Amino acid sequence: MRRAIALLFFICLTLSGKAVYADTEKLQILLQRNNCTACHLIDKRKYGPKLTEVAAKYANDAGAVKTLAAKIKAGGTGVWGEDIMPPQPHVSDTDARTIAEYILALK
Ligand code: HEC
């Protein structure tokens, strides 16, 4: 019985590990498709903040998906310094929301 539980636990760990990996891959595809990678990388600072630090900043913010989805389309400045993120009108509402969700799921 104990062995069965241990096995189940292991399977869950493996599956959840894969899910996180898959989401990072999907995020990467969306970032490339919407040209975000000109300024953002997931785990390295480029012109804009790296996306893992964005995730950390909003970790306890329940409204963060909405805030970030809006910012992704409208751009802005002043949160991470003086640099300006230009508006990204080519990004669909669905993509903006999905990207915000994936960013916030980063560890
Ligand atoms: C021309 C460079 C540039 C491009 C292209 C760009 N960004 Fe940004 N982004 C920035 C800068 C600079 C900031 C910091 C703005 C600030 O301090 O308020 C930023 C901030 C952000 C933030 C954090 C917002 C906040 O208020 O904390 C997110 C999320 C983000 N960008 C996502 C994206 C996504 C998704 C795309 C692609 C659709 C994108 N960015 C395209 C430069 C860029």
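This note sets out numbered points on the fold, the helices, the core and the ligand shell of the structure above.

1. Basis of the model. The model is predicted, and local features are described where pLDDT is at least 70, side-chain atom pairs count only at pLDDT 80 or more, and totals for chains, interfaces and linings use all residues. Residues are numbered from 1 along each chain as its sequence is written.

2. Overall fold. The protein has four helices and two strands, where helices (H or I, at least four residues) and strands (E, at least two) are DSSP runs numbered from the N terminus. Along the sequence the order is α-α-α-β-β-α. Of the 107 residues, 12% count as buried. A residue is called buried if 20 or more other C-beta atoms lie within 10 Å of its own, exposed if 12 or fewer, and partly exposed in between, with C-beta atoms placed from the backbone.

3. Contacts along the chain. Among contacts between residues at least 6 apart in sequence, 51% join residues at least 24 apart. Two residues are in contact if their C-beta atoms, placed from the backbone, lie within 7 Å.

4. Helix α3. This helix covers residues 64-74, and its buried residues are Leu 68, Ala 69 and Ile 72. Viewed down the axis of α3, these buried residues fall within an arc of 105°, so they line one face of the helix. The arc is taken from the directions that lead from the helix axis to the C-beta atoms. An α-helix has 3.6 residues a turn, so residues three or four places apart point the same way. The cover over the buried residues of α3 includes α4 (93-104). Just after α3, Gly 75 has a positive phi of about 70°.

5. Helix α4. At 1.5 Å a residue, the 12 residues of α4 should span 16 Å, and the end C-alpha atoms are 17 Å apart, which agrees. The expected span is 1.5 Å times one less than the number of residues in the helix. The buried residues of α4 are Ala 96, Ile 99, Ala 100, Tyr 102 and Ile 103. They cover an arc of only 165° around the axis, which puts them on the same side of α4. On the face turned away from this buried side are the exposed residues Asp 93 and Thr 94.

6. Nonpolar core. Which residues have the most contacts inside the largest nonpolar core? They are Ile 72, Ile 99, Ala 100 and Ile 103, in a core of 13 residues. The elements that give two or more residues to this core are α1, α2, α3 and α4, and α4 gives the most, with five residues. A nonpolar core is a set of buried Ala, Val, Leu, Ile, Met, Phe, Trp, Tyr and Cys residues joined through C-beta atoms within 7 Å. Leaving aside neighbours within four places in sequence, Ile 99 is in contact with Leu 27, Leu 30 and Ile 72.

7. Ligand shell. There are 27 residues around the ligand, and those that come nearest are Cys 36, Cys 39, Gly 48, Trp 80 and Met 85. A residue is near a molecule if its C-beta atom, placed from the backbone, lies within 6 Å of it. The shell divides into 16 nonpolar, nine polar and two charged residues. Here Ala, Val, Leu, Ile, Met, Phe, Trp, Tyr, Cys and Pro count as nonpolar, Asp, Glu, Lys and Arg as charged, and the others, Gly among them, as polar. At least two shell residues each come from α3, β1 (76-77), β2 (84-85) and α4; the largest share, three residues, is that of α3.

8. Lys 73. This residue is found in α3. With 17 C-beta neighbours inside 10 Å, Lys 73 counts as partly exposed. Not counting residues up to four places away in sequence, Lys 73 touches Pro 87, Gln 88, Pro 89, Val 91 and Ala 96.

9. Asn 35. This residue is found in the loop between α1 and α2 (51-57). Although Asn 35 is not a glycine, it has a positive phi of about 65°. Is Asn 35 buried or exposed? With 12 C-beta neighbours inside 10 Å, Asn 35 counts as exposed.

10. Thr 24. This residue lies in helix α1 (residues 2-33) and is partly exposed, with 16 other C-beta atoms within 10 Å. The C-alpha atoms of Thr 24 and Leu 106 are separated by 7.5 Å, although the two residues are 82 apart along the chain.
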